[in-house]
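Hi everyone, thanks for coming.

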Amino acid sequence: MPARERQNAAMLNDNPNIFTGNPLDRAGNQRRNPDWIAAQRDHADAQMLVISKAEPLIIRDTPKSRLSWLTLDALTLLRGEPELVLLGLEHGSPRYAVNVTGQEEAFSGMGEFAVLRQAAPYLSPRDLSVAGQAVWLISWHYRHRHCAKDGGPTVLADGGFKRINPATGAEHFPRTDPVAIVLPTFGDEVCMGRGVNFPEGFFSAFAGFLEPCETLEECGVRELKEEAGLDVTEIEYAFSQPWPFPSSLMVGFEAKVASKELTLDPDEIAEARWFSRTEIEAMLAPGRAEPPFAPPPFAIAHQLLKRWVCR
């Protein structure tokens, strides 16, 4: 395989981050047809995932857990007319999500509602990718029931991938907030910082939200300068990670910097330091009990460190 093809295959298939690799067919063309959307609710194999306060219903097994999928008959347990959000198709069968906040008792004995970050080590990559999408969309629908144009009520459309203001026709789409997260390097060392809200001994890469009319690369360069006083000489894209807390896309970079001199923003960074390859290898080791600590494996910063140390 030519080098370019190998690179493209790696970018498409070798992303190590959780919440990636969603197996569902999002049915982007079909979902625009209201008749097709209505027909999916009568599909014999239709299933739904219930979400409460951004927590999916799961079944805890040992050592792994799994999502608790229910048939649409379970909708009869709910009061009112809940909005059914289409996630996509699994082998032609529709998969939905529904917000059951305030009616959790109806699902007693069917599983338990789990904080997604805490459940991440115990769910399969497939389940995490689908749960992430479900939590993302349900949270967005909950927060966008009124139009930003005139404040009027909005209704679900395209199976849940859009909301419309019936009075004005204004359309609203699920929000994604891009974040550049950057691992700065100098020679054979990397720099990490401890945010002002991080626990003692915990270090991570530097990150910030994309600002208007800014590329992601420019965002990464700016964040390193603002937070750590580092001047970037080269920046390289690594990979990205959907982050449904509530709606970010973490875009990972590695950046070479001109010097190791640090000037920290005290409002953002409590401390920062340079780490050797040997130190990073020790920090990434499973079961590490002594500080300093690296981010856990489900965080993109962990995967950026692993990518760097394995070179």
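So, how many helices and strands does the chain have? There are seven helices and 16 strands; helices (H or I, at least four residues) and strands (E, at least two) are DSSP runs, numbered from the N terminus.

Quick housekeeping. This is a predicted model, where local features need pLDDT of at least 70, side-chain atom pairs count only at pLDDT 80 or more, and totals for chains, interfaces and linings use all residues. Residues are numbered from 1 along each chain as its sequence is written, and side-chain values use heavy atoms, with hydrogens and water left out.

Now the overall picture. The C-alpha atoms fill a box of roughly 60 × 50 × 45 Å along the principal axes. Of the 311 residues, 45% are buried, meaning under 20% relative accessible area with a 1.4 Å probe and protein chains only. Take contacts (heavy atoms within 4.5 Å) between residues at least 6 apart in sequence: 66% of those join residues at least 24 apart.

Let's zoom in on helix H4, residues 125-143. From first C-alpha to last, H4 reaches 27 Å, close to the 27 Å expected at 1.5 Å a residue; that expected span is 1.5 Å times one less than the number of residues. Is H4 mostly covered or mostly uncovered? Mostly covered: 15 of its 19 residues are buried.

Last stop, Ser65, which sits in strand E3, residues 65-67. Ser65 is buried, at 10% relative accessible area. Beyond its neighbours within four places in sequence, Ser65 is in contact with several residues, including Ile58, Tyr122 and Asp127.

Conventions:
Buried means under 20% relative accessible area, exposed over 50%, partly exposed in between (1.4 Å probe, protein chains only).
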